[in-house]
Every structure is written in C-alpha cells, then in structure tokens.
Amino acid sequence: MQIAVLTFDGFNELDSFIAAAILNRLKPKGWKAHITAPTEEVTSMNGVTVRRQQPLAFAAQADAVIIGSGVRTREVAADAGLLSQIRLDPSRQLIAAQCSGTLILAKLGLIDGVPACTDLTTKPWVVEAGVEVLDAPFFARGNVATAGGCLASQYLAAWMILRGAGRAEAEAAIHYVAPVGEKEIYVSRAISVVSPFVAREAA
C-alpha cells in the first residue's frame, strides 16, 4: 500500500506527520506513507521546513491519499491550476482528508451530497462549499473519509489500516503509539470510531 500524504505550505505538522508515522508502522507489510507536495520543500505553519518524498503527481498513482490541513488551505482550494494537478479516483483509492483538507475534497467534488467532518475554523468554508458538516471526529462513505481535529489523525490512519490490512494490524499500530497505561483505552476508542463505517461497507 503506497500512500500519498498531501502536504502544502503552511501545513499542520500534526496532520501530516502523525498519520504518516502510524501508517508507516506497516512498512514490514509493504506499506509506505510519503510526504507528497507540489514543491521540493514545504514549510509548516510553525516554520518547520521539510523536503517532499514524492511530487504531487504521485497522488494519482498511490493506493491511498490523505489530504492534511494547514493555514494556507483556502489558497490551495482557490487555486484552479493546483487543484487540477490533484487527480484522485475513489473507485480504486482510499481517500481521506483532515480538517481544512476537507475543503479541498469539497472543491474536487469528491464529497458532493456526502456529510463530512472538519475543524471548527474551516467549518463555515466547507458549509459555503455546499457540504453538510457533522459534529463528529470521523465519517466515511465508500472509499472517502474525513476527520475533524488535529488529533483525529489517528482515526484516518486506523481507518486506512482497517480497510487495507485488517483489525489486528489497526489495533497493533494504534497500540504502539498510544500512551503507556492508556493503550487499551486508545485502541478501543479508535476502533470503535472507525469500525462501524468499515462494517457498513462490508455489509
């Protein structure tokens, strides 16, 4: 499973790095999450500059895609030229967005008629784009999922692993990153949040 973590200038470190780190727990299974960006380097909202691992075009080839958020997402969402380079196919890819990344999904037309999750700051912009915003941390329909809140990264990662590798692998990945003394609580919460949507697709 090759995963593109779309990361733009002004990105939120918690979105891109937490999801990528959890997903990369499955490297022994052939999984790899790549920081994917339109430029060679991107700088986070807090001034952390990183080099991309893959160009934006990689998103079209990846098995799964996560769109993270950032303080400049509205600029990305308003840039028709940049949006035209993001080519996603929910018929064959798992696609997820977090916080303001949900606005990009809306602009790409991938959540038309589907409720979604986002952060409280982005909510008015997503509503303006014609999408119903839920008061929930996670929602998925088919191969497209959205999450709201920086620490909801764990839910996107758990959903992708549950879909692509099964419950045991999802539980193991969350168990590894969860705080000591609270591991069972974290695992139980993450699985309880995402598994109903996976079960619904399997039904």
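I count a salt bridge when a side-chain nitrogen of Lys or Arg is within 4 Å of a carboxyl oxygen of Asp or Glu. This is a predicted model, so I keep in mind that local features need pLDDT of at least 70, side-chain atom pairs count only at pLDDT 80 or more, and totals for chains, interfaces and linings use all residues. Residues are numbered from 1 along each chain as its sequence is written, and side-chain values use heavy atoms, with hydrogens and water left out.

Entry one: Lys29 and Glu169. I find their side chains in a salt bridge at 3.3 Å, N to O. Lys29 sits in the loop between H1 and strand S2 (32-37) and Glu169 in helix H8 (residues 167-177), so the pair ties together parts 140 residues apart in sequence. Helices (H or I, at least four residues) and strands (E, at least two) are DSSP runs, numbered from the N terminus.

I checked accessibility too (buried under 20% relative accessible area, exposed over 50%, partly exposed in between; 1.4 Å probe, protein chains only). Lys29 is exposed at 55%, while Glu169 is partly exposed at 23%.

Entry two: Glu171 and Arg167. Their side chains form a salt bridge at 2.9 Å, N to O. Both lie in helix H8, 4 residues apart, about one turn of the helix. Glu171 is partly exposed at 26%, and so is Arg167 at 49%.

Salt bridges with shared partners join Glu40, Glu41, Arg51 and Arg52. My tally for the structure is 7 salt bridges.
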